[in-house]
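Visitor: Could you show me how to read a few features of a protein model?
Guide: Gladly; let us look at it together.

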Amino acid sequence: MKRVITFLSRTQGIIVQCILTFVIVLFIGILVAAYFIAREANPVLLDEHGKPINAEASRSE
């Protein structure tokens with residue numbers, strides 16, 4: 001048991017760095033995925049009554 005505790009105490013910094021690196025890479029991956037998903041989205045704008053607004057017509061006015 002003492003060997004295990006000694007090993008963990010020596011490598012504690014490396015373990016924390018690996019976990020932190022994994023969390024950062026996962027967070028950046030989620031942000032990139034959200035960016036590409038949002039870029040492909042085609043939102044429909046609604047007026048106060050819930051009817052779609054013709055966005056092209058409102059731009060030309």
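Guide: Let us start with rings: the count comes to one aromatic pair, where rings of Phe, Tyr and Trp (its six-membered ring) pair if their centres lie within 6.5 Å. Tyrosine 35 and phenylalanine 36 form this pair, which is edge-to-face, with 5.3 Å centre to centre and 70 degrees between the planes. Planes under 30 degrees apart count as stacked, over 60 as edge-to-face and the rest as tilted. This is a predicted model: local features need pLDDT of at least 70, side-chain atom pairs count only at pLDDT 80 or more, and totals for chains, interfaces and linings use all residues. Residues are numbered from 1 along each chain as its sequence is written, and side-chain values use heavy atoms, leaving out hydrogens and water.

Visitor: Is phenylalanine 36 buried, partly exposed or exposed?

Guide: Buried means under 20% relative accessible area, exposed over 50%, and partly exposed in between (1.4 Å probe, protein chains only). Phenylalanine 36 is partly exposed because its relative accessibility is 41%. Buried residues make up 2% of the 61 residues in the protein.

Visitor: How many helices and strands does the protein have?

Guide: Helices (H or I, at least four residues) and strands (E, at least two) are DSSP runs, numbered from the N terminus. Here there are three helices and zero strands, in the pattern α-α-α along the sequence.

Visitor: Where does isoleucine 15 lie?

Guide: Isoleucine 15 lies in helix 2. With a relative accessible area of 37%, isoleucine 15 is partly exposed.
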